[in-house]
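Here is a short note for a colleague who is opening this structure for the first time. Please read the points with the model on screen.

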Amino acid sequence: MDESTVASKRNSLKQSLQNKVHRFADFDVHPVHNHLLVSVLEDHTVDEPSAIVNTLCVINTHTQTVHTLVSGADFYSSPKFSPDGTRLAWQQWSHPDMPWEGSLVYIADISVDSDAISLRNTTLVAGEALKISAAFPSWANNDALIFTSDQSGYINPWKFSNGKATPIFPEPVSYEFGSPGWVFQMHPYAILDRQGTLAVFITTKDGRNGLSLVDLEGGSPPRSIESPFVVIENIWSLSRETREAVFTGVKADEGLSLVKFTFEHPSGALRFIPLIPALAPDFSDDFVSMPQPMTLKTDDGQTVHVVYYPPKNPHYSGSSIKDERPPCVVHAHGGPTGITLQGLHWKTQYFTSRGWAWCDFTLFFAASCITNLATRLDVNYGGSSGYGRSYIRRLDGQWGLVDPNDCIQAARLISSEPYNLADPKRLVITGGSAGGYTVLCSLATAKDVTTFAAGTSSYGISDLKPLEAHTHKFESRQLEKLLGGTSKEVPEVYQERSPVNKAERIVAPLLILQGDIDRVVPKEQAELIYAKVKAKGGVVEYKLYSGEGHGWRKEENIVDALERELDFYERVLGLKG
């Protein structure tokens with residue numbers, strides 16, 4: 001077959017495990033011969049994105065050997081044995097696709113001898129390069145494979161049985177039953193019963209997660225489950241005998257919990273049982289601002305989805321300035337194919353709960369000093385996930401144009417009639433990674449760079465051409481779609497949309513935060529634009545965190561970054577003496 005080839009190259013397991021260039025992930029154990037495991041193997045012998053080799057391999061713990069099972073594609077994921085161990089399913093895709101753009105699900109019959117597995121009758125189940133993403137395969141029983149496909153324009157559940165792939169719902173459902181596969185071991189559904197006829201799926205609709213029961217035998221629409229959780233991740237079957245699943249969930253006003261979900265038969269009663277409850281803060285929930293999802297229309301008729309958090313502090317007694325509106329932090333998420341959902345996020349609450357006083361210190365909720373509060377606006381700009389394939393594809397060839405424009409227009413809309421939710425002169429923008437790039441574009445390359453009074457770029461991209469050459473394999477060809485080609489094919493696009501080349505247009509004060517061992521967006525990206533803005537006489541501050549990569553892991557750096565950003569806004573907006 002063209003898409004993959006079967007090989008039998010063998011290596012010592014001990015040598016492979018000791019060899020730092022061999023990286024294993026996403027294991028599945030054979031249900032009968034449990035000394036045999038299938039795994040994704042990534043070979044970094046030549047540690048350049050174009051030379052790294054991904055395969056599916058078999059690990060034999062008895063003979064201590066590793067042999068290649070499937071090769072030929074650029075990426076593999078989600079290998080799954082059927083319950084009787086006679087078949088294997090997996091997902092694969094190749095450049096320039098990301099897995100949510102075009103990926104394929106395969107199955108094959110397997111033969112097992114004493115120390116190896118071989119494949120035969122390999123069959124393409126679903127998916128098409130560049131056009132359809134088939135993902136998350138899992139066996140309902142020995143005869144039926146469940147997976148997701150966005151063939152309808154939205155991620156919906158499908159089934160492969162009797163040699164044919166079919167949608168489970170009688171009509172396509174216009175919201176999502178899955179999410180982009182950024183990492184291994186993501187799973188948007190759990191099969192609940194022994195027969196494989198019922199599953200619970202994580203859904204995404206209106207900017208929040210939910211749960212739906214799905215009849216896997218088909219013929220009926222999904223049944224939505226009332227749930228207090230607005231962010232739900234990694235749902236797994238706990239027991240198909242007792243119809244139990246487990247997931248992590250976040251509420252709008254409560255942090256991360258580990259939750260058991262039970263579907264009681266035959267009553268149909270549903271129960272959520274916290275196994276590990278969320279940690280309770282040591283202050284009143286009167287400080288917690290609740291999300292307000294909104295859908296806005298931009299000047300060019302496009303839809304942009306946002307989540308607004310009003311200021312909330314029980315000690316705030318009101319402003320002495322007539323008609324004063326609060327400053328607003330506009331947040332651009334990373335990805336760029338990401339989404340900001342409505343779960344409790346303490347960074348959001350850090351800003352919405354704090355008074356930005358006209359004094360020279362950060363306040364401790366002191367009623368006598370609080371004069372106004374800050375709001376936050378999460379912008380799920382065009383290109384975000386959770387709203388269907390066409391919304392994601394708004395960013396095709398338009399990265400650096402659509403995302404800053406959506407953020408700018410959203411900020412202007414919520415700070416003007418009929419909303420009047422923020423002070424238009426005190427709008428600031430923040431984001432990390434791809435969101436950091438959106439921040440820099442909003443301040444440097446946008447048509448109007450004066451909307452925001454300040455910005456913070458955390459490990460953001462300033463120069464697109466080096467990113468093309470030096471990022472990791474998974475995202476190494478993503479720019480071709482986001483920008484409409486390679487830097488050789490469309491050099492003018494890379495030039496025009498790199499904020500470092502327009503640094504002289506940055507008039508708003510800029511804070512840059514960066515990790516010194518970041519391999520996704522190296523520190524040189526931050527230092528280039530810092531030097532350019534500084535040389536032009538702009539207001540710019542730069543903090544490099546030692547031992548940090550793409551995001552903060554050390555407690556002291558998490559605290560410093562948060563406090564540093566707030567302090568920066570207070571100073572440049574004149575809220576601090």
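This is a predicted model: local features need pLDDT of at least 70, side-chain atom pairs count only at pLDDT 80 or more; totals for chains, interfaces and linings use all residues.

**Notes on the model**

1. Start with Asp26. Asp26 is buried, because its relative accessibility is 6%. Asp26 belongs to strand 2, residues 22-29. Most residues other than glycine have a negative phi.

2. Gln185 also has a positive phi, near 65 degrees, and is not a glycine. Where is Gln185 placed? Gln185 sits in the loop between strand 13 and strand 14 (189-191). With a relative accessible area of 37%, Gln185 is partly exposed.

3. Next, the cis peptide bonds. Most peptide bonds are trans. A cis bond links His95 to Pro96, with omega at about 5 degrees. Pro96 is in the loop between strand 7 (87-93) and strand 8 (104-112). Glu417 and Pro418 are also joined by a cis bond, with omega about 5 degrees. Pro418 falls in the loop between helix 4 (402-414) and strand 26 (427-432).

4. How many aromatic pairs does a search of the whole structure find? The search finds 25. One of them joins Phe229 and Phe247, edge-to-face, with 5.5 Å between centres and 85 degrees between planes. Phe229 is in the loop between strand 17 (223-225) and strand 18 (231-239), and Phe247 is in strand 19 (residues 244-251), so the pair ties together parts 18 residues apart in sequence. Phe229 and Phe247 are both buried.

5. Phe283 and Trp346 form another pair. Their ring centres are 5.7 Å apart and their planes stand at 80 degrees, so the pair counts as edge-to-face. Phe283 lies in the loop between strand 21 (270-276) and strand 22 (292-297), while Trp346 is in helix 2 (residues 346-352), so the contact ties together parts 63 residues apart in sequence. Phe283 is partly exposed at 37% relative accessibility. Trp346, at 38%, is partly exposed too.

6. Now look for charges over rings. Lys251 lies over the face of Phe229, 5.5 Å from the ring centre. Lys473 lies over the face of Phe75, at 4.9 Å from the ring centre. Phe75 is also part of one aromatic cluster with Trp93, Trp100, Trp182 and Phe474.

7. The largest nonpolar core has 56 residues. Which of them touch the most other members? They are Leu377, Val379 and Trp399. Beyond its neighbours within four places in sequence, Val379 has contacts that include Val304, Val330, His333, Cys407 and Ala410. A second, separate core holds 18 residues, among them Val38, Tyr76, Ile117 and Leu119.

8. Ala252 is in the loop between strand 19 and strand 20 (254-263). Its relative accessibility is 11%, so Ala252 counts as buried. Ala252 and Val288 are 36 residues apart in sequence, yet their C-alpha atoms are 9.0 Å apart.

9. Strand 10 and strand 11 (residues 144-149) are antiparallel and joined by 4 bridges. Trp139 stands opposite Leu145 of strand 11.

Technical notes. Residues are numbered from 1 along each chain as its sequence is written. Side-chain values use heavy atoms; hydrogens and water are left out. Rings of Phe, Tyr and Trp (its six-membered ring) pair if their centres lie within 6.5 Å; planes under 30 degrees apart count as stacked, over 60 as edge-to-face and the rest as tilted. Helices (H or I, at least four residues) and strands (E, at least two) are DSSP runs, numbered from the N terminus. Buried means under 20% relative accessible area, exposed over 50%, partly exposed in between (1.4 Å probe, protein chains only). A charge sits over a ring if NZ of Lys or CZ of Arg is within 6 Å of the ring centre and within 35 degrees of the ring normal. A nonpolar core is a set of buried Ala, Val, Leu, Ile, Met, Phe, Trp, Tyr and Cys residues joined through side-chain atoms within 4.5 Å. Contact means heavy atoms within 4.5 Å. Two strands pair if DSSP finds at least two bridges between them.
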